[in-house]
Amino acid sequence: MMEEDEPSSLPLGWLSDYFWIFVLGTIARVRGYAFLQNMFPRQIYAGSLLSDSPRHPKLCPPGTNASKVKLSPVLGVPSNSLYAQPVNFKKRHEAPTSSKTKLNSLFIDNYASNDLVNILASPGCVSESSFPWSYIPLTPLHAITSWLKHMLWILLRPVPWHYPVQSHKDILDSETMRIAYGKATQQKIVSDELTVVSKYDHSMHLREAKDILLQMASSTSVFLIRVAAVVVNKIFRHSLSGIYARRCQLSELQCLEEANPDTPIVYLPLHRSHLDYILLTYLLYIRGMRAPQVAAGDNLNIPVFGRLLRGLGGFFIRRKIDQRRSSAESSSSDERDFIYRGILQEFICESLSQGYPLEFYLEGGRSRNGRTLPAKAGLLSVLIHAYQRGLIPDAIIVPVAFTYDRLIDGNFVAEQCGSQKTKESFGHALRSIWRTVTAHFGTVRIEFGQHFNLKCFLLSNAEKFGLDPAKEFIRDGYTAQNEGTLTSCASSSTASLLSASHTDVNSMSRLTLDLAFVVLREANRSLAVSAPNLLSFLMATKFRHGCEESDLIGAMRVLCAQLTSPCKRKTLTFDDVHVENLRQLCRYSTSLLPHLISYSNGRYSVSTSVESLIELNYSCGPVMEALVGESVLAAVLSEELRKMSVVSGEEMDSIEVCWETVEKGALALATILQNEFIQFQPADECKSVIEEAKRSLIEWDIMESRDHSILYRRDRYSLQSISDLKASIAPLIEGYSAIANDLAHILGSSHNICDRCLQRELLTGMQSKAKMDRFEYPEACAKDTMLNFLKVLRKSGVLELKKAVRDLGSQRPERESLDEQTCHAERCPAKNSKTPVQMSQIAAGGMEKLTDLRMFLETFKSPLIVI
Ligand SMILES: CCCCCCCCCCCCCCCC(=O)SCCNC(=O)CCNC(=O)[C@H](O)C(C)(C)COP(=O)(O)OP(=O)(O)OC[C@H]1O[C@@H](n2cnc3c(N)ncnc32)[C@H](O)[C@@H]1OP(=O)(O)O
């Protein structure tokens, strides 16, 4: 496979190194070194300058003398080639520090293992063995030719598949659309109280369908993908040190695609950055695989870029499928946009049946808190439906996860502090590109989770949800008769966008959701943890008040050992966990997050502004998720220990706690935190997560297992570990507790408040408390924390939402028409508009539940005294 990838297979033999070396070697002898060096500035990195061995470059960390030896202008030479710079270059290239200074190759040793491949570098880039170093002066020219070859290598990658053009006519005339037109007509009859439908109505639906399809459809162009791949490579080699993927996973995917040409691959990545879909398409193109069609929110359909994305495989979908709907809560059949749903379903089914791979983001958008979001199952239901209809023989589901050392999209702090999301626009896109080109973001790691077959999943899980696998998922059972029931609301085998509301089709929708959770959990499991993640986690929990470097390195070693232990098996983006390497990684991570963490005189410290802490919390995400079970268990355990010490009133060497009590407390806390962590969804998964956490704590020697209890030694290590683990969820507990208190206050005095006002009041309340230093963890004042807790309150029957429809068409004054549903908030934006509002109020018996919840959360706030 690799030989095939070599750029020497290009029709560019005459550009070979040796040809140029021969021609220019002669010139060099005549004109001398200086001339060539001035002509071709070269790219040399601080780390590699100190290297005298290409395999083991001796790298210099930032802050030391050597890091002041910086780059000259960037030519875009693959960083691998820099290994070979001879030591004596050091003196000649002491250039001043610039913002372009990269630590690019600083940690290349951490990544360049045999198992990993950097998809930014072509396999044939210069290596020591293939280049005669006696011709060192010609390196710049060599760099240009090898750069050219690299670009051509990317541009001329073999494309294994012709991308078929999708026939709009077939979609518009399909059986599904016929049903959709019928349903839309019925809807019109009911809403307009008509008795007859004119021909005009039918052609109106057809026109509407055509418009929707035009807005939605992609038109993949191989030429555009080729050009985009070159541009992507060029841009990201400036701003990233590397994009690493596992060789074995890539080969496996390639084999999978080659072996199953008729079975579409469905990529389901976690969504962290706009880079996700760019890198995935780039990677697949570079490896000679089919580029997928990617579901993009229609907010990205902006001038110029919208067209470009279409050509690169993007198709545009609404973020809210029924825009006519006034709220997500109502799902009466009247408000469903059947034509849109029909087109979306048919478009996806048609692409899948033509063999296009599909990519979409189950979370429905980028995570704002660094953790995995709950799934939205609409598109997944279309996939299952396409299989049920026999349009595809099966589908290969591939969970994907990206780890960024530093997020290119900026951060989500403003949104978390209550600002509106910035609307995508042409200018915004240009600014983002500029930011990307002019800054450095470390490395990206792509991990593919364990792939599986859709058919296999459905057949083996159907019974769990009371479905008959033979009836539902044996393709041959699908007949035109079933098609009839597609829209008849009766059959459970119709989990599609056009079928009965998924709230009615319980078993099927639960199975679909289960599939979504399996994918998200698998992607989450495979997510690699980077050094900045680890550093952020430690600085946000254990070392909030700063620490000595040696303490940090010690804690990081323990954390790495815990995460890679047999019970966790997390992947780290680096292999070497020796002290010196960890020291370098910490400094490197600090250089990527300078506004959050600083290092001076051997001490690390954290910026304590609310904004910084929120951003730091984002960066902790993957570690928090990996340890969430242990953290919940630690919180409950520490409360039990505190209670026991109070009761006994004496210091004991060890304490035995009843496991059942601890487990019960942990499950209750996990249920409250279920919207924060995908690990606790669905609720019946919580128990296994807590069981697994128990095993981890035992394996890490923090506690011991007895028959029905756990033995806990009161030594410094155990107490400190419990306290550290608890600290990772402490901001959430503090946030929830503050919201519960404020809510009792707000809804106690004003019984009705529109939901938006409630959210705003809660957030501003928390923010003003944070300003007055009333929070131990100010990052608790994040919008997502508040929204997630409100969801919990609604689910547990504390709060209820009521829709208030304002009838402003009448002549009555607005206040009267609102009746008792008036929002009492002073600044209610909906007060003077016709917007229907959601009113939040305490449900019957909700106040008591809220009080219980407040008391429960309060118990976890008391700190554990570490002896
Ligand atoms: C070479 C280098 C360069 C490469 C350069 C590449 C560039 C390449 C292109 C760019 C590409 C950009 C990519 C950006 C990335 C995003 O923009 S991410 C955002 C867009 N994507 C997504 O959101 C995908 C996931 N979301 C979904 O699937 C959502 O369900 C939908 C379809 C958007 C609808 O969401 P919604 O309106 O909130 O409604 P939801 O409650 O989910 O349900 C809608 C219907 O789905 C069905 N449904 C939902 N849940 C279920 C269930 N459990 N069971 C059965 N049916 C269900 C039902 O029919 C339901 O209707 P009702 O029963 O409620 O009436």
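Which residue is the bridge partner of Ile-753 in β18?

The partner is Ser-840. The model is predicted. Ile-753 pairs with Ser-840 in β18, and two bridges in total join β16 to strand β18 (residues 837-842). These two strands run antiparallel.

Step back to the sheet. Three strands form an open sheet, ordered β16-β18-β17. Pairing in the sheet is antiparallel. At the edges are β16 (753-754) and β17 (799-804), each pairing on one side only. In general, strands of a sheet pair through backbone hydrogen bonds, either parallel or antiparallel.

## Aromatic pairs

A pair of aromatic rings is described by the distance of the centres and the angle of the planes. The count here comes to 12 aromatic pairs. Take Tyr-163 and Tyr-356. Their ring centres are 6.0 Å apart and their planes are at 45°, so the pair is tilted. This pair links distant parts of the chain, 193 residues apart. Tyr-163 is in the loop between α7 (139-155) and α8 (168-172). Tyr-356 is in the loop between α15 (338-354) and β6 (358-359). Tyr-163 has 11% relative accessibility, so it counts as buried. Tyr-356 has 2% and also counts as buried.

Now take Tyr-736 and Phe-789. This aromatic pair is stacked, with 4.4 Å from centre to centre and 25° between the planes. Tyr-736 belongs to helix α30 (residues 716-749) and Phe-789 to helix α32 (residues 783-795). They are 53 residues apart, and the pair links distant parts of the chain. Both residues, Tyr-736 and Phe-789, are buried. Elsewhere, ring pairs link Trp-161, Tyr-163 and Tyr-356 into a cluster.

## Arginines over rings

Two arginines lie over ring faces. Arg-318 lies over the face of Tyr-340, at 3.9 Å from the ring centre. Arg-371 lies over the face of Phe-677, at 5.0 Å from the ring centre.

## A buried arginine

Arg-272 is found in the loop between β3 (265-269) and α13 (275-286). Its relative accessibility is 6%, so Arg-272 counts as buried.

One is with Glu-363, at 3.4 Å. Another is with Thr-372, at 3.2 Å. Leaving aside neighbours within four places in sequence, the residues in contact with Arg-272 include Arg-366, Ser-367, Gly-370 and Arg-371. Phe-402, Tyr-404, Leu-407, Phe-412 and Tyr-618 are also among them.

Note on methods:
Residues are numbered from 1 along each chain as its sequence is written. This is a predicted model: local features need pLDDT of at least 70, side-chain atom pairs count only at pLDDT 80 or more; totals for chains, interfaces and linings use all residues. Side-chain values use heavy atoms; hydrogens and water are left out. Rings of Phe, Tyr and Trp (its six-membered ring) pair if their centres lie within 6.5 Å; planes under 30 degrees apart count as stacked, over 60 as edge-to-face and the rest as tilted. Helices (H or I, at least four residues) and strands (E, at least two) are DSSP runs, numbered from the N terminus. Buried means under 20% relative accessible area, exposed over 50%, partly exposed in between (1.4 Å probe, protein chains only). A charge sits over a ring if NZ of Lys or CZ of Arg is within 6 Å of the ring centre and within 35 degrees of the ring normal. Two strands pair if DSSP finds at least two bridges between them. A polar contact is a pair of N or O atoms within 3.5 Å; within protein, one must be able to donate a hydrogen and the other to accept it, and residues adjacent in sequence count only if both atoms are side-chain atoms. Contact means heavy atoms within 4.5 Å.
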